[in-house]
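Thank you for making time this morning. I would like to walk you through one model, beginning with a single pairing inside it and then widening the view.

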Amino acid sequence: MTSAASDPVPESWRPALDPVLASPEARRLGGWLRAEEAAGKRVYPPRGQRLAALAMTPLDSVRVVILGQDPYHGQGQAHGLAFSVRHGVKPPPSLVNIFKELESDIGLPRPATGDLTKWAEQGVLLLNNTLTVEAGKAGSHAGRGWDAITDACVAAVAASGQATVFILWGSHAKKKAGRVPELGKGAHHLVLTAPHPSPLSAHSGFFGSRPFSQANAFLEENGRGAIDWSL
């Protein structure tokens, strides 16, 4: 089935997403996105990359969920993984702060790349709350219908029965996953919350939150193996 993003839904996610994609809300989102593009507005990431997080991290392989807000809105930045940019693209300030915390937490030096594909391939679902944005306009596609789709992704992971770490940065992420324990149906999850890594809020508790070491300790305790956070 094709999603509202006009990208095919990866097979492992279809049972969770097909019902919501058939909803009027999802159809309105798809129609609105097509109209925006037809009007000449630049939408990031481009078609074919909007469900990259789901394609790279099948549902049954998710060990960690890192929840962002919406894609980067600069040209050539967003490629479908929350907080990630392609190799060779200058890491935006939020990603720089993530790397600072990575070094402080587990001693890894700042990576030479901002491409987080290696994390995604190990079961780190890098999911934004809203999966598209208009060029140069942060938050411009919020409230257009993506929430129901990404809520279904979070709910599917929480209900999967496998111990999972949910890393929630910022108020949007915290609100989204507020029902994680309820959805777990007996599964033991670890929910880590902190301010967003943006320069506006990182010094309010993001720095020093130690999400990477806590995630790995929990995963190892539950027999799911540690993530190699190096890039």
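Let me start at Trp-169, which stands opposite Ala-194 in strand β6. What we have on the screen is a predicted model, so please hear everything I say with that in mind. Trp-169 belongs to β5, and this strand, residues 165-169, is mostly covered, with 5 of its 5 residues buried. In a regular strand the side chains alternate between the two faces of the sheet. In β5 we find Val-165, Ile-167 and Trp-169 pointing one way, while Phe-166 and Leu-168 point the other way, and all of them are buried.

Which strands pair with β5? One is β2, residues 64-68, which pairs with β5 in the parallel sense over 4 bridges, and there Val-64 stands opposite Val-165. The other is β6, residues 190-194, which runs parallel to β5 and is joined to it by 5 bridges.

Stepping back to the whole chain, the protein has 9 helices and 6 strands. Its radius of gyration is 17 Å, close to the 17 Å that the globule rule gives for 231 residues, so the protein is as compact as a globular protein of that length. The C-alpha atoms fill a box of roughly 45 × 40 × 30 Å along the principal axes, and 54% of the 231 residues count as buried. If we take the contacts between residues at least 6 apart in sequence, 72% of them join residues at least 24 apart.

As for the surface, the protein exposes about 9,900 Å², of which carbon and sulfur atoms supply 51%. There are 23 positive and 20 negative side chains, and the centres of these two sets lie 6 Å apart.

Finally, some backbone details in the loops. Most residues other than glycine have a negative phi, and most peptide bonds are trans. Against that background, Tyr-44 and Pro-45 are joined by a cis peptide bond, with omega at about -15°, and Pro-45 sits in the loop between β1 and α3. Phe-83, in the loop between β2 and α4, has a positive phi near 70°, and so does Arg-210 have a positive value, about 55°, although it is not a glycine. Arg-210 is found in the loop between β6 and α9.

Are these two residues buried or exposed? Phe-83 has a relative accessible area of 8%, and because that is under the 20% cut-off, Phe-83 counts as buried, whereas Arg-210, at 41%, counts as partly exposed.

Conventions: Residues are numbered from 1 along each chain as its sequence is written. This is a predicted model: local features need pLDDT of at least 70, side-chain atom pairs count only at pLDDT 80 or more; totals for chains, interfaces and linings use all residues. Side-chain values use heavy atoms; hydrogens and water are left out. Helices (H or I, at least four residues) and strands (E, at least two) are DSSP runs, numbered from the N terminus. The radius of gyration is taken over C-alpha atoms; the globule rule is 2.2 Å times the number of residues to the power 0.38. Buried means under 20% relative accessible area, exposed over 50%, partly exposed in between (1.4 Å probe, protein chains only). Contact means heavy atoms within 4.5 Å. Accessible areas come from the Shrake-Rupley method with a 1.4 Å probe; for residues, only the protein chains shown count as cover. Lys and Arg count as positive and Asp and Glu as negative; His and the chain ends are not counted. The place of a charge is taken as NZ of Lys, CZ of Arg, CG of Asp or CD of Glu. Two strands pair if DSSP finds at least two bridges between them.
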